[in-house]
Amino acid sequence: MNEYEGARMKRLSMTLILLLGSTMIAFAWSFSDMSNNEMAWDDVITAPGPYASCVAWGDVNGDGSADLFVGSALGNHSQLYLNSGNGRFTDVSDEWNTERFANIRSAQFVDYDEDGLLDLFLITDNPIPLELYRQVSGTRLVSVPLDLSPTDLTAVAAAVWSDIDSDGALEMIVNAIGDTRPEMTALVAEDNSMTLARDGLFPEGIEHVSSISMIDYNLDGHLDILAGSEAGRSKFYAYHRGEYQNIIADLGLAANVGGKGIAWADFDHNGYLDFATCGSRVETYLYMGCAVDRQIGFEDVLRPPHVVTDPHPLMPYIEGATSVHAVDVNMDGWTDLFYVNARSGNFLLLNNHGQGWTFDSHINTQLNCGTISTTAAAWADVDADGDPDLALSKTTGGITLLMNQLNIQHEYLTIKLAEYTTDTPMLNCQVLLKFQNSARLWATTSMANSAVGYDNTVCQFVNPTTDHSRILNMTVIWPSGAFSVYDIDDLTLWGETVIRPPQLSPGDLNGDDNPDTFLEPQPALMATLNNTPNPFNPTTTLNYTVPEAGWVDLSVVNVLGQEVMSLVSGYAEAGVHSVHFDASTLPSGMYVARMNAAGQTMLHRMILTK
């Protein structure tokens, strides 16, 4: 067995080992149902009523606590509950005008206008399915006009928020606009309304989309698109050399992947992103990221080659789910999977340190709340004790609020990323963190981060070991291309740290707020820097353009900002140049090529896969 096959078999064991029962749970653990507890609600009579279709968490009033929106599937019964900070909720539906919101399929909090106040985005079964409400003065929600005709909006089935063109403003990405625009398109904020963005953001032909996932799967600095289709026409578009290319076949992904829902995480801590999808048996996948022929690829461990198991032992528990959530429920440093309304009901798969999956029958019984069908779920740390709690909306009986009664054994770190001068959440950031004796952990502030309804602006890292760290390193890669490096003195273990991007001028390498911050400027006459191939192993060629003759410094740094190799240091004529980079002595991971030329500083991310 060669090295590649050995690593591959180790990855496949991630799901081939199925440990049943509660044998892996070494400590007492339970969830308490606070749904009808007078200690949870100001007036138990006003606790959420029937016909709930969705739930969403977000710090609506900016007090640091997760507030709860409950959407109604029928009449005007949607409700907003403000969290006092200790898990006690107050119904403010009347003051915030949410009772009139009806026929809702999904809800999401997003600061679309970047004023520091969370707004509310809804997908509904109303004649106009998209509804956006802007928060005004921290007291009410008002409708935002969508500059489209009702007939244009009837085809919308999926939507997500993202800064797809890296201009600093969020776009609403929708699957289709009417019969004349069957491909994905974007709406942008303009004068307190949403209007069509310019054409050309997406390739033609992304049709029949039922779900949208946007994430930088290969950490190259560009958002990629997984457009899921229940019609078997899913596409995975990666940004390459100025355009999107469909690479779903190259990645070995099925044509119906992601039709119902998707959750991303590095389940086995090998440095590559993995993802789970849900739906019927033929739509349920668990793809593990890996290096294949020196490129990033995926392998479906529910259908491994040369293993005759039909159905896979996991399949009867998780097939049929309407959504899937990636969340570290038991806070052991390994991301778990929570399937909503699967064939077996709500089902939590616990990640056994990247070596397999187990489940606790007692916990799953609590997460099912009897036999009532769940319509949606959302996780958040409701009571500020560090562990994730769960809100479930149900076809009858309103919602269930389950508080996680976990005695946390592992140190953790919660990171919230916000704008420099406001509390506007920062999306499309990448965060890499390493505890003292752990592998490097990865997270992103992306709408495809983990779970529908979760606060995606928060990254939580749990130490997968039980050691106490005296050394801690964290790198934040901002949407602008800048990256900042922090250590244990900058962060709060066992609590939350708010991180803001540095204020730098183009060309500055060192900011006043963080001496280890590097910036990619955008002057009028740009130098260019890229490498081929990327990912690479172990060699690659860096190509760079110098706009004017002068001194050039080109080096490679790791994610801690440490220089690992100097490639160029000398005079260069204006024009195109190239240099060879041999990383044979370096470990796998992300590296940044940094070039100073013509008064400019360029940064370019590279992935070394061994």
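In which sense do strand 13 and strand 14 pair, and over how many bridges? Strand 13 and strand 14 (residues 194-196) are antiparallel, with three bridges. Strands pair here if DSSP finds at least two bridges between them; strands are DSSP runs of E, at least two residues, numbered from the N terminus. This is a predicted model: local features need pLDDT of at least 70, side-chain atom pairs count only at pLDDT 80 or more, and totals for chains, interfaces and linings use all residues. Residues are numbered from 1 along each chain as its sequence is written, and side-chain values use heavy atoms, leaving out hydrogens and water.

Ala189 faces Met194 in strand 14. Four residues separate the strands of this hairpin, and Asp191 has a positive phi near 55°. Strand 12 (residues 171-174) also runs antiparallel to strand 13, joined by four bridges. There, Glu171 has Val188 of strand 13 as its bridge partner. Strand 13 (residues 185-189) has four of its five residues buried, so the rest of the structure largely encloses it. Buried means under 20% relative accessible area, with a 1.4 Å probe and protein chains only.

Now the cores. A nonpolar core is a set of buried Ala, Val, Leu, Ile, Met, Phe, Trp, Tyr and Cys residues joined through side-chain atoms within 4.5 Å. The largest has 33 residues; Tyr217, Phe236, Leu253, Trp264 and Phe275 touch the most other members. Domain 1 (40-417) and domain 2 (528-608) both contribute residues, so this core lies between them; the bounds come from an automatic or database domain assignment. Apart from this core lies another, of 23 residues, including Leu529 and Leu608.

Technical notes
Buried means under 20% relative accessible area, exposed over 50%, partly exposed in between (1.4 Å probe, protein chains only).
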